[in-house]
Amino acid sequence: MNATMIQTSGLTRHFTVKKQTVKAVRGLDLQVEEGELVALLGPNGAGKSTTLRMLTTLIPPTSGTAAVAGYDVVVQQREVRRVIGYIGQGNGAAHSQRGRDELVSQGRAYGMSVRESRARAAELIASLDLAAVADRPVSSLSGGQKRRLDIAMGLIHAPRLLFLDEPSTGLDPQNRANLQEHILKLRAEHGTTIVLTTHYLDEADAMAERVIVIDHGTVIADDTPARLKAEHAGDLITLGFASASDAARAAARLDALAGAAVTAAGATVEVRVAGGSRLVPGIIRDLDAAGIAVESTAVNRPTLDDVFLNLTGRSLREGAVGNSGTDTVTAEEVAA
Amino acid sequence: MSGTTMITDTVTVFSRELRPVLRDPFSVVFSMIQPLVFLGLFAPLLPDVEGGSALQWFVPGIVVMSCLFSTSFTGSNLLFEIQTGAHERTLVTPLRRPALIVGRALKEIVPMIVQTAIIVAVCTPFGFDLHVGGVAAGVAILAVMAVGLGALSYTLALASKNTEWLFWTVQQTVLFPLLLLAGILLPVDDGPGWLRALSSANPLTYVVDAERALFNGEFPASTVLAAVVASVAVAVLGLAVGTRAMRRSS
């Protein structure tokens with residue numbers, strides 16, 4: 001069964017901050033099919049969370065419409081709430097409660113019987129590795145444990161559609177990897193439709209089959225990570241030379257390369273081009289033949305940050321936390 | 001998945017709120033510290049009334065004070081849940097908005113009963129003359145008031161979403177005038193006219209008057225009726241503004 005899970009049309013949300021209108025989301029048109037795993041990627045303040053908050057009925061749109069699982073997010077709030085799971089940026093489980101108690105209450109909120117809720121809570125506690133801490137006050141749990149409990153809270157009613165707002169912010173790399181694993185497993189086992197927001201490039205890259213890049217409240221790109229990179233950014237070949245004059249001569253020759261963007265800085269030349277690793281041997285032979293010795297080479301596959309940079313002229317990494325460094329595939333040192 | 005109703009939703013919210021209290025019953029006593037201090041250090045200063053201990057007059061007031069303290073503080077629990085994200089999570093569940101406030105407010109009745117029982121149990125050996133029927137009637141009236149005050153405290157918490165200081169400032173500013181004007185610590189009957197006028201505008205005054213009569217085994221119909229009207233009015237107001245605030249909460 002393949003149905004449209006999310007359909008928005010001209011979705012817009014304005015906020016008034018100190019008498020000034022902030023257009024957080026401007027005319028968003030979005031369609032997500034059942035079973036998709038979609039990442040909304042964009043810098044802080046791009047409108048990702050505001051979009052999520054509208055889709056989860058937390059705030060009404062200023063204008064435009066949104067339907068989730070076929071229900072209107074303004075007129076049919078309860079129906080929408082029944083089918084979705086939401087894991088927000090904060091902790092879903094109250095710090096004064098115990099994890100298991102919160103899971104059972106959460107099940108009751110979705111109309112599950114006490115027995116069903118208890119059974120489901122036990123199941124999630126086991127699968128999210130929370131057995132040791134489920135009966136302790138939530139306030140005493142570590143950040144990673146709290147986050148796993150949040151995930152369990154969002155899954156209690158086995159939602160068909162799961163929203164995650166910045167799921168891994170504040171987690172260490174190991175916990176982030178665990179979390180990503182859980183989310184991917186969930187999808188593999190239950191075919192849950194998943195929409196997550198992130199400003200971690202590697203996370204969007206690693207998990208999502210579809211990345212929707214949002215900036216200033218509008219969609220600026222929407223495709224698979226591979227196609228986005230192929231279309232909006234090539235590989236980056238970095239060549240090192242003995243001197244700046246060698247580099248300048250090399251840059252002049254490389255300018256002839258079809259579809260390449262060449263920049264020289266000091267004794268280094270950077271070439272942005274598709275299929276970089278296959279071109280490198282030829283480039284080295286060609287430069288060698290011209291009497292220019294290449295001292296080192298590196299080929300970096302493009303990242304989603306390169307895509308974002310290409311689309312907006314700005315880097316996503318500014319203001320982002322964590323290690324979203326370049327994704328080096330081949331970085332061989334070639335002696336000339 | 002079976003359906004939910006306003007009642008099941010209210011029960012869900014009520015039980016969730018009550019659970020930390022059941023897990024840690026001692027927490028009920030924390031908000032009683034001030035009333036107990038007044039009971040221990042202030043009551044002995046009061047002159048005995050004709051025909052009995054000063055406690056006969058003072059205990060019902062302390063019961064109301066204890067209720068006022070714990071219900072006015074209760075919004076801070078919600079405020080904390082707003083800050084940590086738990087409140088947002090409940091807003092995305094299908095729980096009905098009125099149930100989110102009604103269930104929470106109804107829970108206030110439980111600590112109130114426990115606190116009243118503690119106060120009465122502590123005071124009876126010291127000369128407080130216990131009239132069980134009267135105390136039960138007094139608790140019933142106070143239960144309605146507790147729901148109203150609790151709902152108002154939750155409303156204040158929702159209004160203080162982005163400004164935590166607002167909650168504590170308003171709570172602290174309102175608490176003591178309400179307390180003093182209700183004649184809980186000292187009678188207002190001999191006060192100046194303006195103070196008596198303010199006192200008669202305070203719904204708690206009527207509740208305190210009725211509690212004193214009821215705890216003493218008397219049942220003056222008009223006094224009790226005034227207390228019922230005042231409590232119901234506060235409860236209706238609290239639940240109305242609370243539901244409105246909860247519907248707007250995001």
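**Sheet, domains and chain contact**

In this predicted model, strand 7 (residues 161-165) and strand 8 (residues 193-198) of chain A pair in the parallel sense over five bridges. Chain A is divided into domain 1 (4-223) and domain 2 (231-330). Chain A is also in contact with chain B, through 31 residues of chain A and 23 residues of chain B.

**The sheet in chain A**
- An open, mixed sheet of six strands in chain A has the order 6-7-8-3-9-10.
- Strand 6 (84-87) and strand 10 of chain A are at the edges with a single partner strand each, so one side of each has no neighbour in the sheet.
- On average, neighbouring strands of this sheet are turned by 15 degrees against each other, direction ignored.
- Helix 5 (residues 143-155) of chain A packs on the sheet and touches strand 6 and strand 7; the direction of this helix makes about 165 degrees with that of strand 6.

**Domain 1 and domain 2 of chain A**
- The C-alpha centres of the two domains lie 38 Å apart.
- The contact between them joins 14 residues of domain 1 to 13 residues of domain 2.
- On the domain 1 side, helix 7 (201-207), strand 9 (210-215) and strand 10 (218-223) of chain A give two or more residues each.
- Helix 7 of chain A gives the most to that side, with four residues.
- By class, the domain 1 side has nine nonpolar, two polar and three charged residues.

**Chain B side of the contact with chain A**
- Helix 1 (6-23), helix 5 (75-84) and helix 6 (86-92) of chain B each give two or more residues to this side.
- Its residues divide into eight nonpolar, nine polar and six charged.

Notes: Residues are numbered from 1 along each chain as its sequence is written. Chains are lettered from A and ligands numbered from 1 in the order in which they are written. This is a predicted model: local features need pLDDT of at least 70, side-chain atom pairs count only at pLDDT 80 or more; totals for chains, interfaces and linings use all residues. Two residues are in contact if their C-beta atoms, placed from the backbone, lie within 7 Å. Ala, Val, Leu, Ile, Met, Phe, Trp, Tyr, Cys and Pro count as nonpolar, Asp, Glu, Lys and Arg as charged, and the others, Gly among them, as polar. Domain bounds come from an automatic or database domain assignment. Two strands pair if DSSP finds at least two bridges between them. Axes are lines fitted to C-alpha atoms, for helices over the stretch in contact, and angles run from 0 to 180 degrees between N-to-C directions.
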